[in-house]
Amino acid sequence: MLNRRRSGWITLLFFIALSAPILRAQPLVDGVSVGAGVSSYHGDLDWNPDNGPAEFLAAGNLGLFVAADRSFGPFIAETAFRYDRLAIDYPQVEMTLNTVSLDFNAGIGFNIVRPLFFRVFAGISPMLVVPSYERVDQEALDRSILTFQEQGTRLAWSFPVGLVIQDVLRLGVRFVPGDDFDGATGRSGASDLISFVSVGYRFDLLRP
């Protein structure tokens, strides 16, 4: 029995010794990015039909992220942890949506000017949504075309799509299925989305 255990430990150590060069050549993470930016909620257009992209961007709020990536040639897999604070101020309702997201993205890099000058990505993201309400004018809601319901903390799903330029500038949108992410539904039926503009820095873990 003792000889069998000793043989097992020797086999394990031998396997680790053989695997070490492979693990060094194939790191789990190639780089880590951190950054901050502005996130804007483009909700139900029935709330404010005259607002365009500029108005929505001007109403943006702080967003933070940290991401880890791994390259497979031109293809890049990435996991990103994000915090976004979405302040929503409409004539009938004033509220804040704090969201924590875990993005699973996949993309491809393009060699223009220099290797991997920019890359595009798409993914899927479970998102914890924690709402708080500063003002709800129920009488005004009853007179409007909207159907509104206050919501508690919940898990939602979103689909991020974006572009990263030189590992610094991130631009993209986050599609949220349905029309009731903010608790309101209207006649437009348009899916809600969140746009983001972020600036970050990538730490290359493979650089000597």
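From the N terminus on, the elements of the protein chain run α-β-α-β-β-β-β-α-β-β-β-β-β. This is a predicted model, in which local features need pLDDT of at least 70 and side-chain atom pairs count only at pLDDT 80 or more, while totals for chains, interfaces and linings use all residues. Residues are numbered from 1 along each chain as its sequence is written, and side-chain values use heavy atoms, with hydrogens and water left out.

Colleague: How many helices and strands does the secondary structure of the protein chain come to?

Modeller: The elements are DSSP runs numbered from the N terminus, where helices are H or I with at least four residues and strands are E with at least two. On that basis the protein chain comes to 3 helices and 10 strands.

Colleague: Is Ser195 buried or exposed?

Modeller: Ser195 lies in strand β10 (residues 192-204), and, leaving aside neighbours within four places in sequence, Ser195 is in contact (heavy atoms within 4.5 Å) with Val38, Ser39, Ser40, His42, Gly172 and Val173. Buried means under 20% relative accessible area, exposed over 50% and partly exposed in between, with a 1.4 Å probe and protein chains only. Because the relative accessible area of Ser195 is 14%, this residue counts as buried.

Colleague: Where is Pro91 found, and is Pro91 buried or exposed?

Modeller: Pro91 is found in the loop between β3 and β4. The C-alpha atoms of Pro91 and Leu141, which are 50 residues apart along the chain, are separated by 9.2 Å. Since the relative accessibility of Pro91 is 58%, this residue counts as exposed.

Colleague: Which element supplies the largest share of the lining of the largest cavity?

Modeller: A cavity is a set of points, on a 1 Å grid over the protein atoms alone, where a 1.4 Å probe fits but cannot get out, and lining residues have an atom within 4 Å of a point. About 60 Å³ of space lies in the largest cavity, a volume being the space filled by probe spheres set on the points, which are joined across faces, edges and corners. At least two lining residues come from each of β3, β4 and β8 (169-176). The largest share, 3 residues, comes from β3.

Colleague: How many nonpolar, polar and charged residues are in the lining of the second largest cavity?

Modeller: The second largest cavity has a volume of about 40 Å³, and the residues lining it include Ile76, Phe118, Arg119 and Asp167. Ala, Val, Leu, Ile, Met, Phe, Trp, Tyr, Cys and Pro count as nonpolar, Asp, Glu, Lys and Arg as charged, and the others, Gly among them, as polar. The lining of the second largest cavity therefore divides, under these classes, into 6 nonpolar, 2 polar and 2 charged.

Technical notes:
1 Å grid on protein atoms, 1.4 Å probe; cavity = no way out; pocket = protein on both sides within 12 Å on 5 of 7 lines; lining within 4 Å.
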